[in-house]
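Have a look at it first.

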Amino acid sequence: MKYLTSKEVAILMGVNVSTIKRWTDDGKLPCYQTPGGHRKFILSHINEFLSKNKKKSRKVNVIELEGIKDRKLIQYIDHGAYQKLIPVFLDHAINADSNRLKTTLIGLYMKQYPVYEIYDSLVLPVLRLIGDKWADDKISIAEEHLASNTIRNAVNALGESLQRQYLKGQGYTLCLALSGDQHDLPLIMAKQVLELQGIPVLNCGRDTPVESLKTLLKKFKPDRIIVSLTYIEDRKLANREMNELFKIASELKVKIGIGGQGIHHISGKHRKNAQLLKSIRDITQI
Ligand code: B12
């Protein structure tokens with residue numbers, strides 16, 4: 001977690017340091033105070049303030065705070081111009097420019113664009129383009145790995161800035177990808193969006209055999225299980241695991257949600273019995 005000083009927050013918000021001090025003294029802008037009396041901020045403090053003072057978010061400039069002088073990028077972020085951001089984000093991902101990727105995601109979040117929208121409208125289209133480039137032999141496996149890893153790090157950096165306040169009495173949601181599926185980016189994004197809604201998440205991550213879940217389910221008693229299906233190599237195995245999961249779910253009275261491009265590879269009865277998540281936004285409706 002990165003802590004910001006009053007001076008950095010002043011640059012970020014486009015105001016004087018004295019204004020930052022006044023806002024914190026008035027209790028409008030949350031902050032931590034060091035034993036020496038210095039104010040320290042995390043991005044979610046600023047986001048909380050901005051969500052109550054929407055007009056002030058217009059002046060916010062995360063990119064410049066990071067020393068990136070890129071007027072076009074600033075403009076696209078300000079306007080949430082996803083169509084224009086897609087090729088730029090793709091280019092930065094392929095060039096492993098993690099600083100620009102991170103500040104683009106955090107910049108959009110600070111401008112109050114919903115996290116699910118940032119993922120559905122920017123990150124997912126870029127990941128698909130990277131996959132297409134790899135499939136068309138336009139980039140090597142190494143380049144594809146580097147680009148998707150750089151995006152993964154930026155998504156994790158945004159996750160660190162998000163504020164989490166779990167709702168009282170809210171049960172867990174357990175997330176996983178089935179055996180053999182190594183794609184975990186959708187799970188990371190789904191976790192963040194659920195947590196923003198006050199739902200605590202247990203993310204088992206990629207390549208999780210369903211038969212290994214039993215003790216965990218008994219221990220945490222989740223309300224819901226979400227399965228990410230991106231790549232299914234062995235359809236028989238995937239359907240066997242889904243059968244097993246539905247059996248466990250009916251015993252424990254737990255709902256199942258499934259999402260990802262691999263949902264078409266599992267049997268129709270599973271698709272019928274589960275809640276289908278066709279976008280990251282759908283996670284906000286469960
Ligand atoms: C990054 C990546 C990898 C990385 C994964 C890194 C990681 N830690 O996640 C690595 C390098 C490991 C990898 C490996 C492989 N990959 Co890959 N990979 C991708 C890539 C570029 C992005 C995947 C991703 O995160 N997509 C984002 C998801 C979320 O987008 P989506 O599924 O389209 O969108 C859905 C979600 O929004 C969903 N949704 C809504 N709510 C929710 C909630 C949840 C929880 C979920 C899951 C989804 C969801 O609804 C949308 C529509 O379905 C894709 C390209 C692509 N088109 O996606 C290829 C892709 C998935 N990979 C592919 C392949 C072939 C492979 C490999 C076999 C390559 C190889 N020869 O080794 C291996 C298989 C590994 C394995 N056993 O799983 C193919 C799959 C083709 C197919 N028909 O199944 C793709 C499509 C590339 C391509 N164009 O061919 N890959």
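So, let's begin with the ligand. There are 33 residues around it, and the closest ones are Gly131, Pro186, Ser228, Gly259 and Leu277. Keep in mind, please, that this is a predicted model.

Which elements supply that shell? Helix H8, residues 115-135, helix H9, helix H10 at 185-196 and strand E5 at 224-228 each put in at least two residues. H8 has the largest share of the shell, with seven residues. If you like to think in terms of residue classes, the shell splits into 13 nonpolar, 12 polar and eight charged residues.

And where does the ligand sit relative to the domains? Domain 2, which is 61-163, and domain 3, which is 173-285, both contribute residues to the shell, so the ligand lies between them.

Now, between H9 and strand E3, residues 173-177, there's a loop, and Gln165 is in it. Buried or exposed, what would you say for Gln165? Gln165 has 9 of them, so it counts as exposed.

Let's move over to helix H3, residues 43-52. Its buried residues are Leu43, His45, Ile46, Phe49 and Leu50. Look down the axis of H3 and those buried residues fall within an arc of 160°, so they line one face of the helix. Over on the other side of H3 you've got Ser51 and Lys52, and those are exposed. What covers the buried residues of H3? Among the elements doing that are helix H1 at 6-13, helix H7 at 98-110 and helix H9 at 141-161.

Okay, zooming out to the whole thing. The protein chain has 13 helices and seven strands. Along the principal axes, its C-alpha atoms fill a box of roughly 65 × 50 × 30 Å. For 286 residues, a compact globule would have a radius of gyration near 19 Å, and the protein chain comes in at 21 Å, which agrees. Of those 286 residues, 35% count as buried. And if you take the contacts with a separation of 6 or more, 73% of them are between residues 24 or more positions apart.

That's my tour, so over to you.

Conventions. Residues are numbered from 1 along each chain as its sequence is written. This is a predicted model: local features need pLDDT of at least 70, side-chain atom pairs count only at pLDDT 80 or more; totals for chains, interfaces and linings use all residues. A residue is buried if 20 or more other C-beta atoms lie within 10 Å of its own, exposed if 12 or fewer, and partly exposed in between; C-beta atoms are placed from the backbone. Helices (H or I, at least four residues) and strands (E, at least two) are DSSP runs, numbered from the N terminus. The arc is that of the directions from the helix axis to the C-beta atoms. Two residues are in contact if their C-beta atoms, placed from the backbone, lie within 7 Å. The radius of gyration is taken over C-alpha atoms; the globule rule is 2.2 Å times the number of residues to the power 0.38. A residue is near a molecule or strand if its C-beta atom, placed from the backbone, lies within 6 Å of it. Ala, Val, Leu, Ile, Met, Phe, Trp, Tyr, Cys and Pro count as nonpolar, Asp, Glu, Lys and Arg as charged, and the others, Gly among them, as polar. Domain bounds come from an automatic or database domain assignment.
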